[in-house]
Amino acid sequence: MLSTDMQAANNAFGWPVRTDVPPAPGLKPIWEYGNAHLDGFAAFMADRAEVERWRQTLTLYVGEVHGAPSPTWLGLHPGARH
């Protein structure tokens, strides 16, 4: 699934996980969008009211989250560089 050929064949609806495979036609590479950066994610998550608004909106469209919880605890700031 991660080969260049498979990523190119399956990116018709979005972005491939490989940086050497272009995104779907009409899309820029994901990191060229101003709201798709890792540093901004921590700032977004700090605004708990905004996060809850997004959670409620997504729940409205796709339903409640199902499945077992994560087997590990990721901490208060997963992905943060300390």
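Helix 2 and helix 3 touch through F44, M45 and A46 on one side and R48, E50, V51 and W54 on the other, where contact means heavy atoms within 4.5 Å. This is a predicted model, in which local features need pLDDT of at least 70, side-chain atom pairs count only at pLDDT 80 or more, and totals for chains, interfaces and linings use all residues. Residues are numbered from 1 along each chain as its sequence is written, and side-chain values use heavy atoms, with hydrogens and water left out.

**How the helices meet**

- The axes of helix 2 (residues 38-46) and helix 3 (residues 48-62) come within 5 Å and cross at roughly 90°.
- That makes helix 2 roughly perpendicular to helix 3 (65 to 115 degrees).
- By class, their contact has five nonpolar, no polar and two charged residues.

**Salt bridges**

- The count comes to three salt bridges, each a side-chain nitrogen of Lys or Arg within 4 Å of a carboxyl oxygen of Asp or Glu.
- R18 pairs with D20, with the closest N and O atoms 2.7 Å apart.
- E50 pairs with R53 at 2.6 Å between the closest N and O atoms, and these two are about one helical turn apart because they lie three residues apart in helix 3.
- R55 and E52 join in a salt bridge at 2.7 Å, N to O.

**Exposure of the paired residues**

- R18 is partly exposed at 27% relative accessible area (buried is under 20%, exposed over 50%, partly exposed in between, with a 1.4 Å probe and protein chains only).
- D20 is partly exposed at 47%.
- E50 is partly exposed at 25%, and R53 is partly exposed at 45%.

Conventions:
Axes fitted to C-alpha atoms, helices over the stretch in contact; angles between N-to-C directions. Helix = DSSP H or I, 4+ residues; strand = E, 2+ residues; numbered from the N terminus. Parallel < 35°, antiparallel > 145°, perpendicular 65-115°, else oblique. Nonpolar A, V, L, I, M, F, W, Y, C, P; charged D, E, K, R; others polar.
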